[in-house]
Amino acid sequence: MKKITLWITLAVAGISSGFSATQDESSFSTCECTDVSLNNFMIEFRPSYFYPLSNHFRKIFSGGVDYQLTVSCPVYWGQNERVRGISLFAAADYFSKDGHSTYLKDKTSITIVPVTLGVKYFFPPLGECVPVNVYVASGMKYYFVHTKNHSDYVKKRVNVNGMGGMIEVGAIGVVREHFVLDLFVSSSFRCFGAPSISSDTVESTGINVSSINAGGGVGYRF
Amino acid sequence: MRKWLALFVLFCGFMLGVEGTVTLSPEGPAYEVISSMTIGTTVQPTIANSGTSAGFLLLCADGNDNLNTVFFDNNTQMWGSLVQTAPSTTNLTRGPVVLSNSPSVAVATWLGNTVGFNSGYAYAGFTSNNGTSWQILPLESVDGGVPLVGVSGSSDGYMFVWFDYQQSTAPFWLWSTFNGTDWVVSSSGTIPAPSGINNPANVSGTMSTGFMAAWIGSDNNVYASYTGNEGGTWSTPQQLSTSGIVRYSWIAGNANGFMLVWSDGANNLYSTFYDLSSQMWQASPLLITTGAAIGSIPGPYVTGSDIGFVLSWLDTNNNANGSISADNGTNWSPAVLITDDGSVSGTSGNLGDYIGASIVGETVLFTWADASGNAQSRFYTIQGVITTPDPPASITGSQFSNNFPFQRELVNTLRWTSSPSLGVVSYNIYRNGSLISSVSASGSLVYTDRPIKKGTGYTYGVTAVNINQQESSAATVFVK
């Protein structure tokens, strides 16, 4: 929880300072901030705190930091403002955490690498004369999950993958022409069923890797 | 008919008495002078001893107040010659205070290099060759104080606790290991003692049991504090006496807990026991003798082993006494008179700080200084102890899930309480009649069995094994 607070504080502070700097240049206040030369293709680095929704997951690993790289691009450059707010995005995440089995505290680790494709809707569209653009996003997320267990009594490695989904809300502000700061909360969903493990002493179980992520990002707008 | 009935009752009573009795039985001659040494004449040198399977190591001061070692070889059954132990630490004023033994090494502490009365340096020494050579660890420079240093531990590390008259607000502690060549001091500090400290502090314990320090506060009551993390934190000191006239105390431990003994200004002798299972001291101290134990120097001394605790003290007739308890002190054996000629050094002349005692197996060695300046010893055998042990008093078994991200294994966990018998050193674990493991009696009485087949029931048995490798019947439990 402290980590979430820290991320939010940093992001808000960053965005605020960015707005101040831009306002000093009187760009927002005069609506000259609209720079039609920018096509609003963006790339962002967005670390966030990964809070597992599953109690079972939390008991083994608790939460941790998720690292995400996102690219987004508007789909329409015309005059219709409603349509100009639509962007497509693609993201790749990386989350890795060590943990311990629930009873005997055997060491175990998990690595989750989801790849996301989705749609973002900015309001107002990026490039408009506002200090902050809010957005909502939704997408499909394909998970690659790798687990490694340091115990002689269970299968050492279990890998699964599968499709999930995500939704997100956030706010993004321009710091200096090309640079943006982002603040977001997202929720991702995927519950894996039990994989096939042939053993008379081990029972396979599913695991829910769904999470709520809260974090901030820095990006570059082309 | 009435006569036969009376005889039968008498026989039953005798048998019950024998079964529950633990006593000390003398070996060999009454007592013997160890070598021809002369106890130091400066101030209160102490004879200390400690035993291993190889023999017993005794430390004492010679007539020049130098620290000396003498070794009793179990093979030859004889005391060796005096060996001057630490030439650089002459002019002993206090100690050697105590030895802490693991199977092959001994650690001693003393105060030496005195300049004036009760001033000098507190030292610890490590030997792995029966005292032939020592590696010295200076603990504290003392000016006008008398640090009596207690030490306890094993090759994993040693805990020192001491008291300095010049800094009487709290006992000092130091945690150190010996790397084979040198002492390596890991941490040190003071034990928070709201009541201050007014008399010697000492300590007992191992890495597996933790360490208990005990001392006499400025209100002349005895206090104790426990650390389970090598001095990282100490528990709030617990006051264990209320009389306000406690004079000397000593503490010893074994796998079951810590035994604290003390004498007071009314010549009474008390004990109390800290149970490691319940982590509590006895509700009130046990009065062992009334008015018969000298309340001053030498103070009472206690030492522990798997069998129990041996207590030694000086009585008001200047004779050494001993007693043994195979439990938590509820049943101290009747006192045995180790000497009967009133020759033990008392509160005048050459003094010994206590009647030293060591337990190795079923053998107990007592050592003391006599009023003529000789070190003396007497061996005893513990009687009525080693019989086939009873099984653990109770056992429970439970099945748990050990969850991994995509897998769950079942594990069976057994917990049992210690055997009420004496000398139990380990417990054997059986699964469906087959021996699967053995655990030390000095550790946690818990065993986790894995892997377990789902839906399959297992019958577990736990037996107690004593130091003679006698094994009890099994306490059993079915787990599914």
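User: Is Gln279(B) buried or exposed?

Analyst: Gln279(B) is exposed, with 12 other C-beta atoms within 10 Å. The cut-offs: buried means 20 or more other C-beta atoms within 10 Å of the residue's own, exposed means 12 or fewer, partly exposed is in between, and C-beta atoms are placed from the backbone. Bear in mind that this is a predicted model: local features need pLDDT of at least 70, side-chain atom pairs count only at pLDDT 80 or more, and totals for chains, interfaces and linings use all residues. Residues are numbered from 1 along each chain as its sequence is written, while chains are lettered from A and ligands numbered from 1 in the order in which they are written.

User: Where is Gln279(B)?

Analyst: In the loop between strand S22 (269–275) and strand S23 (280–281) of chain B. Its phi is positive, about 55°, although Gln279(B) is not a glycine. Helices (H or I, at least four residues) and strands (E, at least two) are DSSP runs, numbered from the N terminus.

User: What about phi of Lys105(A)?

Analyst: Near 60°, a positive value in a residue other than glycine. Lys105(A) sits in the loop between strand S4 (86–100) and S5 of chain A. Lys105(A) counts as exposed because it has 10 C-beta neighbours inside 10 Å.

User: Switching to cis peptides. Which residue does a cis bond join to Pro124(A)?

Analyst: Phe123(A), with omega about -15°. Pro124(A) falls in the loop between S5 and S6 of chain A. In chain B, a cis peptide bond joins Arg450(B) and Pro451(B), with omega about 0°. Pro451(B) is placed in strand S36 (residues 446–452).

User: How many residues does each chain give to the contact?

Analyst: Chain A gives 24 and chain B gives 17. Two residues are in contact if their C-beta atoms, placed from the backbone, lie within 7 Å.

User: Which elements of chain A give two or more residues?

Analyst: Helix H2 (55–61), strand S5 (107–123), strand S6 (133–149) and strand S10 (202–204). S10(A) has the largest share of that side, three residues. By class, the side of chain A that touches chain B has twelve nonpolar, nine polar and three charged residues. Here Ala, Val, Leu, Ile, Met, Phe, Trp, Tyr, Cys and Pro count as nonpolar, Asp, Glu, Lys and Arg as charged, and the others, Gly among them, as polar.

User: What does S10(A) pair with?

Analyst: Strand S33 (residues 407–416) of chain B, in the antiparallel sense, over three bridges. Ser204(A) has Gln407(B) as its bridge partner there. Two strands pair if DSSP finds at least two bridges between them.

User: Now chain B. What is the order of the four strands in the open sheet?

Analyst: S25-S26-S27-S28, with antiparallel pairing. The edge strands are S25 (301–304) and S28 (336–337), and each pairs on one side only. S26 (residues 309–314) and S27 (residues 320–325) pair over six bridges. Trp313(B) stands opposite Asn321(B) in S27(B).

User: What is the average pLDDT of chain A?

Analyst: It is 83, and 82% of the residues score at least 70. pLDDT is the predictor's confidence in each residue, from 0 to 100.

User: Which element of chain A has the lowest mean pLDDT?

Analyst: Helix H1 (residues 2–24), at 43, whereas strand S2 (residues 48–52) has the highest, 97. Over residues 1–37 of chain A the pLDDT is below 50. Where pLDDT is low, the predicted coordinates should not be read in detail.
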